[in-house]
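Try each task before you read its solution.

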Amino acid sequence: MTLKDFIDKLLRRQPASAETAKERLQLVLAHDRSDLNPELLEQMRREILEVVARYVEIDLAEGDVSLETEDRVTALVANLPIRRSIAQPSKGGTL
Amino acid sequence: MSTTRTILICSGKGGVGKTTTTANLGIALARQGAKTVVLDADFGLRNLDLLLGLENRIVYTAQEVLAETCRLEQALVKHKQEPNLALLPAGNPRMLEWLKPKDMQAIVALLERQFDYVLIDCPAGIEDGFKNAAAAAREAVVITTPEVAAVRDADRVIGLLNTKGVQPVQLVLNRVRPKMMSNQEMLSVDDVTDILALPLLGLVFEDEQVIVSTNRGEPLTLSDSSSPAAQAYGNIAQRLQGEDIPLMDPSQARRGLRARMRKLMQTRIF
């Protein structure tokens with residue numbers, strides 16, 4: 001946080017628009033580059049959570065699956081807090 | 001193998017300065033001694049002739065060259081004040097109905113035989129006009145402004161150029177307003193280069209003289225203008241030629257107490 005941000009916050013002023021522009025661009029470009037529309041992303045998110053939930057008990061409210069982008073590389077980032085593991089998954093390998 | 005540099009000047013979004021950049025870089029390269037041709041690939045809405053002040057001297061266009069109803073030399077319009085520069089005008093908009101990437105490649109192949117630089121003024125958008133023009137290019141300069149819509153569209157174009165194997169792709173940041181940047185009310189140079197992940201070939205400050213020069217049909221680089229945009233285009237041309245010219249610094253454009261105050265306000269406190 002810069003001195004200006006701090007004063008803006010004290011005075012409850014809006015932050016400078018360049019930062020807002022950058023954040024909005026990064027978000028929209030992550031979607032543009034992946035060619036996934038929000039609907040498909042939401043469907044993928046649900047399916048990922050379903051699969052993970054078969055193995056571990058996850059905190060669905062805290063879970064987050066999103067696209068992030070840096071240096072023209074877009075990554076799917078999942079942050080899924082695990083409450084506890086489920087002792088025996090329905091079908092498991094030899095691992 | 002020809003040593004000609006064939007460079008696509010593109011942006012995705014319209015109105016960010018493709019044609020102005022093509023005209024000014026064309027003149028600047030020619031003044032630096034390089035035999036240069038500018039090719040108007042915007043068949044729908046051609047304007048490069050107008051910005052160069054050559055609109056009254058067009059007899060034949062790329063269309064007649066392709067149809068072999070005239071020789072290339074007859075279609076090329078030589079610039080009077082800068083004889084190292086020639087324009088190959090865009091043909092009739094009806095050409096868009098049948099023009100294919102191989103046609104653009106054929107035109108460019110003819111031009112590469114006799115010029116050091118072929119600058120292709122690309123149409124806006126990412127449809128056929130862009131694809132035809134991109135097919136003929138070896139490298140590209142992407143023009144953008146520090147605005148969200150222009151940066152987003154530039155990103156789309158960069159993605160397409162990457163898949164087509166156009167290399168290198170460099171960035172020109174146009175219409176920079178140093179005052180707004182220092183107030184953090186405009187995306188900074190670093191913001192844009194970080195987001196687009198392209199090497200910066202140059203930045204051009206917003207400059208009213210650009211409008212004056214287009215009114216007259218005399219690109220700024222034609223005279224030894226001291227205007228910021230004229231200098232910027234001259235620098236970009238030199239960098240294209242491989243010279244190491246330092247980039248302008250928007251924060252140096254404004255000094256004094258207010259600038260120092262602004263710098264203090266940008267200090268990280270936590």
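Helices (H or I, at least four residues) and strands (E, at least two) are DSSP runs, numbered from the N terminus. The model is predicted: local features need pLDDT of at least 70, side-chain atom pairs count only at pLDDT 80 or more, and totals for chains, interfaces and linings use all residues. Residues are numbered from 1 along each chain as its sequence is written, chains are lettered from A in the order in which they are written, and side-chain values use heavy atoms, without hydrogens and water.

**Exercise 1.** List the elements of chain A in order.

Solution. Start at the N terminus. The order reads α-α-α-β-β-β-β. That gives three helices and four strands.

**Exercise 2.** Describe how chain A and chain B meet.

Solution. Begin with contacts (heavy atoms within 4.5 Å). 19 residues of chain A touch 25 residues of chain B. Next, take buried area, the accessible area (1.4 Å probe) that two parts lose on being put together, summed over both. Here about 2,100 Å² is buried, 59% of it on carbon and sulfur atoms. On the chain A side, Met1(A), Leu25(A) and Arg72(A) lose the most area to chain B, together 29% of what that side buries.

**Exercise 3.** Find a salt bridge between chain A and chain B.

Solution. Apply the rule: a side-chain nitrogen of Lys or Arg within 4 Å of a carboxyl oxygen of Asp or Glu. Three salt bridges cross the interface. Arg33(A) and Asp155(B) form a salt bridge, at 2.4 Å from N to O. Now look at the helices. Both α1 (3–10) and α2 (17–34) of chain A supply at least two residues of the side that touches chain B. The largest share, 10 residues, comes from α2(A).
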